[in-house]
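Keep the viewer open as you read.

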Amino acid sequence: MTAASTPKGERRRQLLVVAAAELLSEGGFAAIRHRAVAERARLPLAATTYYFDSLEELITAAVRHEAEEELATGRRRLEELSERPLGTEEVVELVLDLLLGTDSRDGGTESVLLRYERLVGSPRRPYLAESMRDLHSRLHELLAEIFRRSDADVGHERMLELIALVDGAVVNALIESDPDPRGAARRMLRAQLLR
């Protein structure tokens with residue numbers, strides 16, 4: 001048994017992953033550096049290279065952790081709602097939480113901008129490709145379940161159109177320095193769902 005596979009080792013590894021995920025959320029890929037992660041986790045610098053073979057492995061673990069947390073939160077919120085069909089407003093907010101993150105609820109551009117920078121920047125990191133495909137697929141499954149619960153006639157192609165609509169509204173809002181990109185996406189998505 002290696003030190004990394006002991007309960008203490010697993011706890012230390014998880015502390016590093018959580019610290020890296022926090023840095024990713026706050027500052028994007030550039031924020032994840034061995035020293036910054038170790039300091040955030042309050043562990044020795046050597047722990048980052050002991051528990052992870054490379055910075056890429058640590059970044060991948062951080063991306064997965066952040067996405068897993070968001071998917072779990074979205075699933076919990078969906079389960080908290082009764083089995084009745086979801087209303088338009090509930091669907092809009094659940095979808096926006098999953099596409100823009102719950103931090104976007106408070107308005108402002110920073111959390112949304114960082115999220116889109118990460119999404120657009122991930123293809124420059126080929127080591128993330130497999131994880132991104134898996135997480136993307138699981139996100140689509142959860143979105144499909146949300147739409148099914150709304151009794152809306154939203155098949156796979158229509159769901160992709162709605163995601164593209166949200167992405168377009170957000171990017172346009174960011175370009176125009178709109179202080180509330182989530183609000184812009186909310187208006188567009190609501191209008192489409194009420195058609």
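Before we start, one cut-off: a residue is called buried when its relative accessible area is under 20% and exposed when it is over 50%, with partly exposed in between. Also bear in mind that what you're looking at is a predicted model.

Now find glutamate 22. Its relative accessible area is 35%, so it lands in the partly exposed class. Its partner is arginine 40: the two side chains form a salt bridge, with 3.0 Å from N to O. Glutamate 22 belongs to helix H1 (residues 7-27) and arginine 40 to helix H2 (residues 34-41), so this pair ties together parts that sit 18 residues apart in sequence. Arginine 40 is partly exposed as well, at 33% relative accessibility.

Between H1 and H2 runs a loop, and that's where you'll find isoleucine 32. Is this residue buried or exposed? With 0% relative accessibility, isoleucine 32 counts as buried. What does it touch, once residues up to four places away in sequence are set aside? The list is Ala20, Leu23, Leu24, Val37, Leu55, Leu58, Ile59 and Ala62. For a sense of scale, jump 91 residues along the chain to proline 123: its C-alpha atom is 17 Å from that of isoleucine 32.

Isoleucine 32 also leads us into the largest nonpolar core, a set of 52 residues. Together with Leu143, Ile146 and Val166, Ile32 is among the residues with the most contacts inside that core. Helix H4 (residues 55-80) supplies the largest share of the core, 9 residues.

Glutamate 68 pairs with arginine 138 in a salt bridge whose closest N and O atoms are 2.7 Å apart. Since glutamate 68 lies in helix H4 and arginine 138 in helix H7 (residues 129-149), the pair ties together parts that are 70 residues apart in sequence. Both ends fall in the middle class: arginine 138 is partly exposed at 28% relative accessibility, and glutamate 68 is partly exposed at 29%.

Aspartate 97 meets arginine 182, with 2.9 Å between the closest N and O atoms. Here helix H5 (residues 88-100) holds aspartate 97 and helix H9 (residues 181-193) holds arginine 182, so the pair ties together parts 85 residues apart in sequence. Aspartate 97 is buried, with a relative accessible area of 7%, and arginine 182 counts as buried at 1%. These two residues also take part in a network of salt bridges that links Arg77, Glu93, Asp97, Arg105, Arg182 and Arg186. Across the model, the count comes to 17 salt bridges.

Let's finish on H9 itself. How far apart are its end C-alpha atoms? They are 18 Å apart, which agrees with the 18 Å that its 13 residues should span at 1.5 Å a residue. Besides Arg182, the buried residues of H9 are Pro181, Gly183, Ala184, Ala185, Leu189 and Gln192. And what covers them? The cover includes H5, helix H6 (110-121) and helix H8 (156-175).

Definitions and conventions: Residues are numbered from 1 along each chain as its sequence is written. This is a predicted model: local features need pLDDT of at least 70, side-chain atom pairs count only at pLDDT 80 or more; totals for chains, interfaces and linings use all residues. Side-chain values use heavy atoms; hydrogens and water are left out. A nonpolar core is a set of buried Ala, Val, Leu, Ile, Met, Phe, Trp, Tyr and Cys residues joined through side-chain atoms within 4.5 Å. Buried means under 20% relative accessible area, exposed over 50%, partly exposed in between (1.4 Å probe, protein chains only). Helices (H or I, at least four residues) and strands (E, at least two) are DSSP runs, numbered from the N terminus. Contact means heavy atoms within 4.5 Å. A salt bridge is a side-chain nitrogen of Lys or Arg within 4 Å of a carboxyl oxygen of Asp or Glu. The expected span of a helix is 1.5 Å times one less than its number of residues.
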